[in-house]
Amino acid sequence: MLRMQNLNKVYRTHMIETHALRGFEINVKQGEFVTVTGPSGSGKTSFLNIAGLLEEFTDGEYILDGINVKGMDDNARSRLRNEKLGFIFQGFNLIPDLSLFDNVDVPLRYRGFNAAERKERIEDALAKVGLASRMKHYPAELSGGQQQRVAIARALAGSPKLLLADEPTGNLDTQMARGVMELLEEINAQGTTILMVTHDPELAVRSQRNVHIIDGQVSDLVRKAPTLFDANAHADGKTHVA
Amino acid sequence: MFQYYFVLGLRSLRRNPALTALMVLTLAVGVAASVATLTILHVMSGDPIPHKSDRLFVPLVDNGPVQSYKPGDEPNDNQLSYTDAKNFLNSKAAERATAIYGASVAVEPERKDIGVFTTRGLAVASDYFNMFDAPFRHGQAWSPADDKAAANVVVLGRKLADKLYGDTDPVGKRITLSGKQYQIVGVLDKWTVVPRFHRIIGSADGAFSDEDDMFVPFTTSIRNEMQRNGSTSCTDDISPGYQAFLDSECTWIQFWFETRSASDRASLQNYLDSYAAEQRKLGRLKRNAANRLYDVREWLDFMKVVGNDNKLSAWLAFGFLVLCLVNTIGLLLAKFSVRAAEVGIRRALGASRREIFQQFLIETTVVGLVGGVLGLALAFGALALIAMQSTALTVVAHMDWIMLLTTFAMAVLSAVLAGLLPTWRACQVTPAMQLKSQ
């Protein structure tokens with residue numbers, strides 16, 4: 001689904017060079033739920049931004065769903081981002097003066113779906129996160145957990161292959177965080193690949209695989225205990241080490 | 001996507017009402033000032049008779065004294081002497097011809113409730129009405145035979161006819177003008193020509209004066225020695241008496257020829273040159289100056305109908321518009337800078353820079369449209385204020401469809417121009433940075 005090989009990201013100013021990622025290697029398979037952890041400044045966000053085609057990398061190779069993204073122009077990257085990726089952010093990033101319906105509508109507009117298909121997808125997505133009855137409401141009228149659910153609905157509405165989540169529970173209390181995490185696991189169980197940056201070790205252990213980044217490099221890739229959904233696949237309940 | 005962006009633009013008007021109101025008002029004031037001055041310039045500089053403006057000609061020959069003349073000097077007068085006007089009328093050099101001068105008469109109404117009053121009109125040839133497309137409400141122009149016979153006939157302007165006869169048709173009635181009886185042969189309908197090119201000299205408000213009250217044959221007004229009302233220029237002393245005045249080289253008559261086609265201009269010019277040469281031989285014309293023909297547009301230019309002060313006003317108004325645009329740019333920068341987060345979100349969700357550019361530019365277009373509506377209202381107000389300054393400005397200070405559309409086009413174009421820099425800046429937002437900072 002996502003493969004980076006010997007990828008480097010260097011931020012340059014006229015004074016200094018900062019190597020955010022160096023010789024970065026990762027391979028995420030279709031349907032995986034991968035968490036990304038690491039200390040602050042380790043390169044997690046740079047990795048996620050490059051994976052989400054929000055930033056360009058300096059050199060190396062990045063293949064997204066079989067497409068080499070190197071050298072793509074802004075239009076092509078935007079189209080690919082719209083078709084293949086969904087984003088969930090720590091701060092929800094809903095547009096405050098749009099209703100829930102219109103917020104979820106945004107990526108579908110750029111995709112070029114007709115009105116009927118957009119409506120169907122929006123209603124399905126909001127129903128999936130349990131907010132079908134509030135589609136005319138505005139973000140400010142919702143709790144943090146509900147806003148994050150709307151963000152998830154927005155990310156899902158376009159049927160992305162890869163969901164990128166940047167500390168999606170970072171602004172939520174424990175109960176809400178649990179709800180959001182369960183929702184993500186459910187989405188993953190339905191076949192969507194998820195790549196999630198988190199600081200929370202508890203969440204990291206719930207994923208199928210945790211990628212730890214230090215100084216812009218992957219320090220280790222460890223297969224964790226199977227999740228609730230993996231348990232169905234691995235009936236023996238044993239821990240599988242990569 | 002245009003409709004989607006347009007709706008977003010309408011919504012964004014409500015997002016920051018104070019800032020939006022300020023932008024719309026700034027734009028509207030700039031557009032209104034420009035449109036108001038441009039409207040006046042547009043009306044003043046329009047072609048008053050487009051279908052034949054290249055077939056109507058003013059002839060000018062220089063009958064000034066030889067003293068103070070330097071070869072190559074242009075004619076320093078814009079009217080003709082009676083001798084030249086009479087010769088031109090008799091020449092048959094063109095399809096139609098008319099001499100014009102302002103005449104002043106005392107009207108003695110039959111109705112006892114209206115006292116004697118003085119009014120102004122024109123002494124013209126019978127061709128005048130056809131040449132300038134004068135619309136008749138009743139009757140018609142007098143005949144060339146009336147011209148020849150210097151008959152006491154008159155065509156009334158609608159205002160004078162309304163005043164004297166109300167709604168009834170006065171054609172055939174007799175009216176006393178300065179003690180002489182005239183038969184009414186026609187009444188003109190509303191006749192608005194802007195600028196009033198055929199009689200720029202000598203009327204109270206120049207090219208933008210009101211309709212004339214009455215028209216009498218040129219030959220009749222001469223025979224009856226009707227009092228002149230206009231501009232007269234004499235370089236020599238004149239002997240006493242009306243005939244001496246007619247025989248003098250004083251210039252006081254305006255003249256127009258109408259040719260069958262624009263290409264007949266050359267033959268008319270030949271006639272004018274031959275005529276001037278002949279008059280020089282006779283010793284009447286003393287200067288060897290060029291003989292000029294001006295078509296309608298050239299005549300308006302020559303007479304500086306659109307003065308430099310009008311042009312300067314328009315430039316100043318446009319300068320003010322630029323100032324308003326600079327302010328709008330600043331306001332738009334402020335408005336869009338708080339939208340950086342939204343740009344980041346939209347970019348993450350699949351909007352390209354081009355789509356962000358379109359969205360924000362359409363938003364500024366919406367601001368421009370609202371500014372256009374308000375600007376139009378302000379422009380109407382400004383024109384009403386201008387019209388209150390003088391009668392001449394009343395004629396020119398009105399908006400037509402062209403200017404109405406120009407107002408909207410100007411408002412939208414101004415908004416789009418003002419929006420280019422803020423929109424470009426919005427497109428440069430780094431989405432990753434905005435998304436993380438939320």
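Biologist: Two residues are in contact if their C-beta atoms, placed from the backbone, lie within 7 Å. Among contacts in chain A between residues at least 6 apart in sequence, what percentage join residues at least 24 apart?

Modeller: This is a predicted model. The contacts considered are those in chain A between residues at least 6 apart in sequence. Of these, the share that joins residues at least 24 apart is 67%.

Biologist: What is the order of the strands in the open sheet of chain A?

Modeller: Four strands form this open sheet, and their pairing is antiparallel. The edge strands, each pairing on one side only, are S2 (17-28) and S5 (67-68) of chain A. The order is S2-S1-S4-S5.

Biologist: Which residue in S4(A) does Asn8(A) stand opposite?

Modeller: Strand S1 (residues 2-12) of chain A pairs with strand S4 (residues 59-64) of chain A over five bridges, in the antiparallel sense. In S4(A), the residue opposite Asn8(A) is Asp59(A).

Biologist: Which strands of chain A does H1(A) touch when it packs on the sheet?

Modeller: The direction of H1(A) makes about 60° with that of S2(A). The strands touched by H1(A) are S1, S2 and S4 of chain A.

Biologist: Why is helix H1 of chain A described as largely enclosed by the rest of the structure?

Modeller: Helix H1 of chain A covers residues 44-51. Its buried residues include Lys44(A), Phe47(A), Leu48(A) and Ile50(A).

Biologist: Which residue just after H1(A) takes a positive phi?

Modeller: The phi in question is about 60°. The residue that takes it, just after H1(A), is Leu53(A).

Biologist: How many residues of chain A are in contact with chain B?

Modeller: On the side of chain B that touches chain A, helices H1 (2-15), H12 (340-348), H13 and H16 (431-437) of chain B each supply at least two residues. By class, that side has nine nonpolar, three polar and eight charged residues. Chain B brings 20 residues to the contact, and the number from chain A is 21.

Biologist: At what angle do helices H13 and H15 of chain B pack?

Modeller: H13(B) spans residues 353-387 and H15(B) spans residues 401-427, with their axes 7 Å apart. The contact has 17 nonpolar, ten polar and one charged residues. H13(B) passes H15(B) in a right-handed crossing, and the packing angle is about 145°.

Biologist: What ipTM does the predictor give the complex?

Modeller: For chain B, the mean pLDDT is 86, and 95% of its residues reach 70 or more. For the complex, the predictor gives a pTM of 0.67 and an ipTM of 0.86.

Key:
Residues numbered from 1 in each chain as written. Chains lettered and ligands numbered in written order. Predicted model: local features only at pLDDT ≥ 70, side-chain atom pairs only at ≥ 80, totals over all residues. Axes fitted to C-alpha atoms, helices over the stretch in contact; angles between N-to-C directions. Left-handed = near helix turned anticlockwise from the far one by under 90°. Nonpolar A, V, L, I, M, F, W, Y, C, P; charged D, E, K, R; others polar. Buried ≥ 20, exposed ≤ 12 C-beta atoms within 10 Å, placed from the backbone. pLDDT = per-residue confidence, 0-100. Pairing = 2+ DSSP bridges.
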